[in-house]
Amino acid sequence: MEVNVRDTVLFAPKSFSPDGTKKAAVVICPGGSYHHLGMPHEGFASAQWFASIGAVPFVLQYRVAYNCHHHPEMLEDIEMAIKYIRENALTYGIDVEKIGAIGYSAGGHLVTMAGVYGGTRNELEKLGVKTEVSLRPDFVMPIYPVVTMQDDICHRWSRRSLLGHREYTQELKDEYSMEMNIPSDMIPTYVLACRDDPVVIFENSVRLEKALAEKNIPHRFAVYEKGGHGFGMKNGWFMKEYHWNEDMKNWLREINMID
């Protein structure tokens, strides 16, 4: 079911939990360099898997540079999605304290940004949208994520798509380098990356993990020697060999988000 909330497009399940239990919800943010979105293999395939483990999935079609959208519109979209889910939790059988987000590649940057800034920035208020619920997810899972905006290892296409054509001052690059802004109360975080990633340099995830560790944030860093980039949850060789999402499922159990 497609839900349109202002400019935000959210693909939501059609019905709530039939057994009356309250479940976790996951906002799914596909990657695509903040320019386009990998909806089939990172979006809808992920939704099917999360539903199979008892979570309620929502696929977010956030705005991207392909259609001339730049920051803060992406952050507005994930905040609007979380707002919608919290306000309609009863309809979908969701526990309002178990609303998380998974993001792939640039989507990993987006969900991390929601965790970093969701407690302090309310982009929706700037639009005149009244908000009485938290816009911050309760946990995030950045998968082969874009993390930094620093010149040495940043994914430049993602930076350009996110920030647009402007002067990239050091202040601006620092503000959107997630590893430099992890708060002391950062939410639980699951990071996954492959050392042989040819698209987003592996060091992005290393810097994020280091920042989480320095702040003593509950997290897990899943590292694979081979796997590349962009595999999502499609049934390709990487999934068949490693079943990487099973480790993530165990982590979700460990932090008491799923049974």
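## The chain as a whole

Among contacts in the chain between residues at least 6 apart in sequence, what percentage join residues at least 24 apart? The figure is 77%. Keep in mind as you look around that this is a predicted model.

The chain holds nine helices and eight strands. Its C-alpha trace spans about 50 × 50 × 35 Å along the principal axes. A compact globule of 259 residues would have a radius of gyration near 18 Å, and the chain has 17 Å, so the two agree.

Let's turn to burial. Of the 259 residues, 58% count as buried. The accessible surface of the chain comes to about 11100 Å², and carbon and sulfur atoms account for 49% of that.

## Helix H1

Find residues 39-52 and you have helix H1, with 14 residues. From first C-alpha to last, H1 reaches 18 Å, close to the 20 Å expected at 1.5 Å a residue. H1 also bends by about 25° at Ser-46, and Ser-46 is one of the buried residues of this helix, which also include Met-39, Trp-49 and Phe-50.

What do the buried residues of H1 pack against? Their partners include strand S2 (8-11), strand S5 (94-104) and helix H9 (244-254). Just after H1, look for Gly-54, which takes a positive phi of about 90°.

## Helix H4

Helix H4 covers residues 106-117. Its 12 residues should span 16 Å at 1.5 Å a residue, and its end C-alpha atoms are 16 Å apart, which agrees.

Why is H4 described as largely enclosed by the rest of the structure? Because 12 of its 12 residues are buried. Among them are His-109, Met-113 and Tyr-117.

Conventions: Residues numbered from 1 in each chain as written. Predicted model: local features only at pLDDT ≥ 70, side-chain atom pairs only at ≥ 80, totals over all residues. Heavy atoms only, no water. Helix = DSSP H or I, 4+ residues; strand = E, 2+ residues; numbered from the N terminus. Expected span 1.5 Å × (residues − 1). Bend = angle between axes of the 7 residues up to and from the residue. Buried < 20%, exposed > 50% of the residue type's maximum accessible area, 1.4 Å probe, protein only. Contact = heavy atoms within 4.5 Å. Rg over C-alpha atoms; globule rule 2.2 N^0.38 Å. Areas by Shrake-Rupley, 256 points an atom, 1.4 Å probe, with all protein chains shown as cover.
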